[in-house]
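Me: I would like to learn how to read the local features of a model like this one. Please take them one at a time, general idea before particular case.

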Amino acid sequence: MRAAYTSAVVATLVNEGVVFPHVSGISAGSSNTANYVSRDPDRARASFVDFAANPDFGSVWTWIQGKGYFNSQYIYEEAYKHSLPFNWDEFISNPAAVRMGAFDCEAGVTRYFGKEDIPDIARLMKVVRASSSLPLLMPQVEIDGTKYCDGALGSAGGIPLDAAQADGYERFFVVLSQPRSFVKPPYKPEAPYRWFYRKQPAVAEGIMSRPKNYNRVREELFDLEAQGKAYLFFPDQMSVNSRTRDLTKLRQSYAAGYAQSHKELPRWREFLGL
């Protein structure tokens, strides 16, 4: 739900006609990727703000039922058919390359799905769901016989810099959902996670390794920024957490993200040569 802030970046990029040849996302970043590539600023906002008021969005009760604290089956694989429509034609016709990362729960690595792996909207929504499925809070997602969860558990730590680098890019526009000063602390104690995922040790290891991976990639981004090779968008503030459901707080977070995006827009244009 921190993406209530960064979805405002998506809306600004689309409204200002900023076009990228490559777009990568992990976790909520996959939803932002899909909404950006489909050129839909209204859906970008709705996905992380107004949609939270939907009675089928999820709750402690759906978590007890095994559907997840966020009712991911509904959110990703059903809502696009009615309450949160998606422009598939615009998404698939956009020439931008797409990479969405989901964590392979057995192999212990993040797999990036591209348009070549996504023949239709149903597959797209399953991939976005897999990429976004938080451990403990949401059920894992099976794709072609393999179980996946939140892509942030992989070596990228949730920041898909490696996906863009693998495609040959050397300059990056990076949108993060924590302030510049944020350093991810270790998860403690480890024992409950390792016990819960004792049949999937790769997931437990992914959870435990995420802070050091996130912080390592963050430092790499700072080095790229210093070299003039990366523009880093960090929220000036982050008043919500990943589980926030309060509509007023989400709207305020989006408004803050929108204001910051427009404040930084001249610097975006300068970095991108627009």
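**Helices, burial and contacts**

Reply: In helix α2, the buried residues are Ser30, Ser31, Asn32, Thr33, Ala34, Asn35, Tyr36 and Val37. Buried means under 20% relative accessible area, exposed means over 50%, and partly exposed lies in between (1.4 Å probe, protein chains only). Helices (H or I, at least four residues) and strands (E, at least two) are DSSP runs, numbered from the N terminus. The model is predicted: local features need pLDDT of at least 70, side-chain atom pairs count only at pLDDT 80 or more, and totals for chains, interfaces and linings use all residues. Residues are numbered from 1 along each chain as its sequence is written, and side-chain values use heavy atoms, with hydrogens and water left out.

Me: Why is α2 said to be largely enclosed by the rest of the structure?

Reply: Because 8 of the 10 residues of α2 are buried.

Me: How do I read the packing of two helices, and at what angle do α2 and α3 pack?

Reply: Two packed helices are described by the angle between their axes and the distance between the axes. Here the axes are lines fitted to C-alpha atoms, for helices over the stretch in contact, and angles run from 0 to 180 degrees between N-to-C directions. Helix α2 (residues 28-37) packs with helix α3 (residues 41-48) at about 155 degrees, and their axes are 9 Å apart. Angles under 35 degrees count as roughly parallel, over 145 as roughly antiparallel, 65 to 115 as roughly perpendicular and the rest as oblique. α2 and α3 are therefore roughly antiparallel to each other.

Me: Is the crossing of α2 and α3 left-handed or right-handed?

Reply: A crossing is left-handed if the near helix is turned anticlockwise from the far one by less than a right angle, and right-handed if clockwise. α2 passes α3 in a right-handed crossing.

Me: How should I read a salt bridge, and how many does the structure hold?

Reply: Side chains of opposite charge can pair when their charged atoms come close. The criterion is a side-chain nitrogen of Lys or Arg within 4 Å of a carboxyl oxygen of Asp or Glu. The structure holds 14 salt bridges. One of them joins the side chains of glutamate 77 and arginine 129, at 2.7 Å from N to O. This pair links distant parts of the chain, with glutamate 77 in helix α5 (residues 72-77) and arginine 129 in helix α7, 52 residues apart. Glutamate 77 and arginine 129 are both buried.

Me: Which residue meets arginine 180 in a salt bridge?

Reply: Its partner is glutamate 225, at 2.8 Å from N to O. Arginine 180 lies in the loop between β6 (172-175) and α9 (191-196) and glutamate 225 in helix α10 (residues 201-226), so the pair ties together parts that are 45 residues apart in sequence. Arginine 180 is partly exposed at 37% relative accessibility, and glutamate 225 is partly exposed at 27%.

Me: Which residue forms a salt bridge with arginine 194?

Reply: That residue is glutamate 205, with the closest N and O atoms 3.2 Å apart. The pair links distant parts of the chain: arginine 194 is in helix α9 and glutamate 205 in helix α10, 11 residues apart. Arginine 194 counts as partly exposed at 33% relative accessibility, and glutamate 205 is partly exposed at 38%. Elsewhere, salt bridges that share partners join Arg45, Asp50 and Arg251 into one network.

Me: How do I read backbone angles, and which peptide bond is cis?

Reply: Most residues other than glycine have a negative phi, and most peptide bonds are trans. The bond from lysine 188 to proline 189 is cis, with omega near -5 degrees. Proline 189 lies in the loop between β6 and α9.

Me: What phi do leucine 136 and aspartate 144 have?

Reply: Leucine 136 has a positive phi of about 75 degrees although it is not a glycine. Leucine 136 sits in the loop between α7 and β4 (141-143) and is partly exposed at 37% relative accessibility. Aspartate 144, also not a glycine, has a positive phi of about 50 degrees. Aspartate 144 lies in the loop between β4 and β5 (146-150) and is exposed, with a relative accessible area of 60%. Just after α2, arginine 39 takes a positive phi of about 55 degrees.
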